[in-house]
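Reader: Please put up the sequence and the model, and then we can go through some questions.

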Amino acid sequence: MKLTAALCVLGALAQAGLAGKCSSYQSAPPASSDTPTPSASPPPSSTDYSSSSDTSAPAPTSAPAGFKVTLDQLNAAFPDAGQSGYCSGKKGCNTNQDAVAAINNAITKYNIKTRAQAVAVVAVMALESDYWMYNVNVFPGRTGQGTKAMMMYNFVYSYAQSLYPDKVDPNAGSLQPTSAANNATMNGIRDLVTSTPNDNFGAGFWYLTNSDAGKPFYTDPAKLRDGNADDFNAYSTQGLGAPASPERITVWQTVNQNLFK
Ligand SMILES: *[C@@H]1O[C@H](CO)[C@@H](O)[C@H](O)[C@H]1NC(C)=O
């Protein structure tokens, strides 16, 4: 059982915590804390993206043909999550069947450029969600933390803003879990982005392409070379603020060996 790792990460990064697997992330990434930056980085999904003069990212190229995951590949990598009863009675759980289209949709939506980028993101989400079992933090139960990438609230907030700008309170970005009312608002924003497989599985790809710490690994494809475990470690430590660990590499190896072939 990989609960500790699983429920700790991505923004995971926030509180040092569980079993020492998580480091502190909050101090690093989000631009400058209290002011959310809604319009700073629109999701790279808008259709006129390549024709704009946006200087924040190079003009994306379309994903290579055949750059998709298949159900067979997911079942080979994560056999338990391929069982029909895997999620029975478990709220927030998804099977490989749910994951396949959602992952492929996100690769297109966020214009993922290389196989290594997709491998890294899927490995992180598999680890963070305990193989698709969870989409909210249940241990210790951090307010607002969720999606398959198990992002901390500050990222969940930015992600929700990117997807549902009309539904997100513009003043809620800096809320802290200090009252029942705050908790309800924060968890409500998390609910917005954890209700569909597309949004849940899209989170890791959004993080890579939009967060301050993740984005360099997207805009410079040389930072994540195909089949390179050291590069994945660099993404973990520099991109996510999570410590490199044998367990993370094991998950990455499984994904690298089986997916996007
Ligand atoms: C808000 O959530 C935190 C966990 O993030 C919890 O420790 C705290 O007790 C909650 N506060 C209330 C009033 O429910």
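Reader: Leaving aside neighbours within four places in sequence, which residues is Thr185 in contact with?

Author: This is a predicted model: local features need pLDDT of at least 70, side-chain atom pairs count only at pLDDT 80 or more, and totals for chains, interfaces and linings use all residues. Residues are numbered from 1 along each chain as its sequence is written. A contact requires two C-beta atoms, placed from the backbone, to lie within 7 Å. With neighbours within four places in sequence left aside, Thr185 is in contact with Asp169, Ala172 and Leu175.

Reader: How far apart in space are Thr185 and Leu175, C-alpha to C-alpha?

Author: Thr185 is in helix H6; helices here are DSSP runs of H or I with at least four residues, strands are runs of E with at least two, and both are numbered from the N terminus. In sequence, Thr185 and Leu175 are 10 residues apart. In space, C-alpha to C-alpha, their separation is 8.5 Å.

Reader: Is Thr185 buried, exposed or partly exposed?

Author: A residue is buried with 20 or more other C-beta atoms (placed from the backbone) within 10 Å of its own, exposed with 12 or fewer, and partly exposed in between. Thr185 has 19 other C-beta atoms within 10 Å, so Thr185 is partly exposed.

Reader: How many of the 11 residues of helix H5 are buried?

Author: Tyr153, Asn154, Phe155, Val156, Tyr157, Ser158, Tyr159, Ala160 and Gln161 are buried in H5. They pack against helix H6 (180–193) and helix H7 (197–210). H5, residues 153–163, is therefore largely enclosed by the rest of the structure, and its buried residues number nine of the 11.

Reader: How is H5 placed relative to H6: roughly parallel, roughly perpendicular or oblique?

Author: Axes are lines fitted to C-alpha atoms, for helices over the stretch in contact, and angles between N-to-C directions run from 0 to 180 degrees. Angles under 35 degrees count as roughly parallel, over 145 as roughly antiparallel, 65 to 115 as roughly perpendicular and the rest as oblique. H5 and H6 pack at about 55 degrees, with their axes 9 Å apart. That makes the placing of H5 to H6 oblique.

Reader: At about what angle do H4 and H7 pack?

Author: The axes of helix H4 (residues 115–128) and H7 are 9 Å apart. The angle between H4 and H7 is about 125 degrees.

Reader: Which residues of H7 make the contact with H4?

Author: On H4, the contact is made by Gln117, Val121, Val124 and Met125. By class, the contact of H4 with H7 has six nonpolar, two polar and no charged residues. The H7 residues are Phe201, Gly204, Phe205 and Leu208.

Reader: Which residues surround the ligand?

Author: A residue counts as near a molecule when its C-beta atom, placed from the backbone, lies within 6 Å. The shell divides into four polar, two nonpolar and one charged. Around the ligand are Gly141, Arg142, Thr143, Pro177, Ser179, Ala180 and Asn183.

How values were computed: Nonpolar A, V, L, I, M, F, W, Y, C, P; charged D, E, K, R; others polar.
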